Amino acid sequence: WNPSLDKEPWSGKMGEINEKLPMGEQCLEDQRMFLPKIVDLITEGAASRDWYGRMRRGVHALKNYIDMKHSVPSLARVVVIKCLYDTVTQEFDHLDQYQIKVFAQVASILLKCKECLPRLILPWRPLYDYMHRLFFGKSRTSQTPLCRNLGYYLVALAKEGRRYFPDGCNDEILAELRPFFCPQDMSILKAQGFLCLLMRRHPSGFAEGGDGAMAFVREAMAYWSWIVSYSDWDLHWVTLLSSLCRHMHRDYADAWEPMIPNIMGHVLHILDLPVGPSKVHIYDSKDSSIGSSDGYPFFTLSIFVHRGRTKVIQLVRKAAKLIVCLLRPGGGGGAMALVRRLAKAVESFLHPSNDGYWTRRLSQLLASLCEYLYLRVLREKREVGGEDRLGPREVEEFAVVMLPLALQGLYSKSATAAMQASSALRHLSFLAPATVLPPLLDRVYPALTTLTQVHQTSSALDALASILFPLLRAPPFMPFTPGGPGPVPSAAADG
């Protein structure tokens with residue numbers, strides 16, 4: 001790595017902050033001095049196979065460098081990532097598991113950047129072979145446990161690195177894993193885990209581009225119905241399909257349209273609402289997975305589900321993402337009809353007095369639908385123009401459907417449901433302030449002045465705090481203007 005050919009390694013947000021500090025220049029000088037030495041240590045250690053000497057010292061120094069919030073320029077990232085990735089996937093026979101975990105952790109941290117790194121191509125097969133050997137090898141027994149968090153960081157490395165797999169890699173991955181999709185054999189779960197973990201989400205990952213991606217989507221929808229009542233199976237498919245839909249919904253909206261009724265069935269299956277007197281639930285609130293058995297991962301198959309929350313909640317979030325990605329610009333289509341029917345179906349379950357196991361799932365669905373629509377609108381304003389993005393009419397229609405649910409859940413018995421309702425109202429206030437703020441203020445103001453229903457005051461204050469910024473930014477509701485929220489701040493004040 002030649003620092004003179006790269007952009008300044010001290011650039012970035014922390015560099016801008018350091019420039020304004022009294023001792024900031026010394027901080028910048030430290031970056032100029034230490035980063036080239038760290039990169040040289042890592043590259044020389046990898047070239048000389050001195051993994052426990054120079055390379056280990058360089059990786060630990062780089063981790064401390066990153067922990068201090070210093071930035072690493074793009075070309076330096078490419079060099080270090082290639083060294084670490086090749087070492088993890090090709091030299092694992094000569095390294096202990098702890099060292100592999102540290103190298104995979106640092107590589108996944110470096111891969112976490114919004115901008116694509118230039119000239120970085122990572123082969124998928126070495127990583128697949130190593131993970132297959134580690135988790136599915138015949139030597140996996142309870143007497144040979146894995147290093148703590150090794151699986152987590154390998155999954156993180158695959159998740160962050162798959163967008164740098166070569167074009168057309170998805171066809172190779174499908175050719176490798178498709179023979180294991182046999183409904184009579186448990187190997188289907190292994191194949192699905194690797195497929196959803198390694199497959200590139202962009203259509204360029206297929207040799208035929210978008211047409212090849214849509215062919216796979218139809219195939220995946222057929223696979224999805226093979227197994228029921230297993231949360232890992234549903235979570236993998238809904239995560240993969242929602243990511244593919246995000247990149248393809250504009251160009252292939254007509255191809256997704258016939259699948260919407262089937263997707264609606266799977267969404268209702270994920271929500272698992274009680275119907276009739278039956279008390280049988282498809283999913284409980286536990287993170288249960290199929291345990292280890294001969295030829296299958298140690299502990300559970302959920303090792304391939306990279307998540308930071310409970311499995312059922314992540315299922316609901318990804319289902320909401322898929323629904324939002326299916327919304328068509330210009331209105332029409334089955335996705336908006338799906339949203340209306342879904343809102344009507346869950347309305348009674350979100351009543352404040354109707355509390356049960358479904359409350360957390362439905363409140364998360366409400367908040368996630370509003371959040372993902374807000375993120376989609378922001379993304380399309382930056383990247384898309386003309387008629388290919390959601391317009392004010394579609395956003396307004398969505399807000400009208402979601403607003404009654406959010407207002408209804410505002411005073412729920414569940415503190416989680418009230419918090420999610422406030423989150424939904426916040427995103428809706430940014431999207432359609434003229435539609436959301438008047439009824440919300442009418443609902444909040446009595447709770448701030450009441451003397452008999454003081455239990456609603458805390459929820460009203462939370463809602464008011466969540467919408468404060470869009471409330472003050474919206475011109476019709478500026479403070480100290482006719483019709484503005486003049487009494488609300490005084491009602492919320494002490495005394």
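**Aromatic contacts, helix packing and backbone geometry**

Lys190 lies over the face of Phe180, 4.4 Å from the ring centre; a charge is taken to sit over a ring if NZ of Lys or CZ of Arg is within 6 Å of the ring centre and within 35 degrees of the ring normal. The model is predicted, with local features requiring pLDDT of at least 70 and side-chain atom pairs pLDDT 80 or more, whereas totals for chains, interfaces and linings use all residues. Residues are numbered from 1 along each chain as its sequence is written, and side-chain values use heavy atoms, with hydrogens and water left out.

The structure holds 14 aromatic pairs, defined for rings of Phe, Tyr and Trp (its six-membered ring) with centres within 6.5 Å; planes under 30 degrees apart count as stacked, over 60 as edge-to-face and the rest as tilted. The ring centres of Phe181 and Trp237 are 6.3 Å apart and the planes stand at 35 degrees, so this pair is tilted. It links distant parts of the chain, with Phe181 in the loop between α8 (169–177) and α9 (187–198) and Trp237 in helix α11 (residues 231–248), 56 residues apart. Helices here are DSSP runs (H or I, at least four residues), numbered from the N terminus. Both Phe181 and Trp237 are buried, where buried denotes under 20% relative accessible area, exposed over 50% and partly exposed in between (1.4 Å probe, protein chains only). Ring pairs join Phe181 and Trp237 with Tyr223, Trp226 and Trp233 in a cluster.

A tilted pair is also formed by Phe430 and Phe469, at 6.0 Å centre to centre and 45 degrees between the planes. Phe430 belongs to helix α18 (residues 415–431) and Phe469 to helix α21 (residues 468–473), 39 residues apart. Phe430 counts as buried at 15% relative accessibility, whereas Phe469, at 54%, counts as exposed.

Helix α18 packs with helix α20 (residues 457–466) at an angle of about 30 degrees, with the axes 8 Å apart; axes are lines fitted to C-alpha atoms over the stretch in contact, and angles run from 0 to 180 degrees between N-to-C directions. The two helices are therefore roughly parallel (angles under 35 degrees). Ala418, Ser422 and Arg426 in α18 meet Ser459, Asp462, Ala463 and Ser466 in α20, contact being heavy atoms within 4.5 Å.

Most residues other than glycine have a negative phi. Arg49, however, has a positive phi of about 60 degrees and lies in the loop between α2 (24–47) and α3 (51–67). Phi of Asp272 is likewise positive, near 55 degrees; Asp272 counts as buried at 5% relative accessibility.

How values were computed: Parallel < 35°, antiparallel > 145°, perpendicular 65-115°, else oblique.
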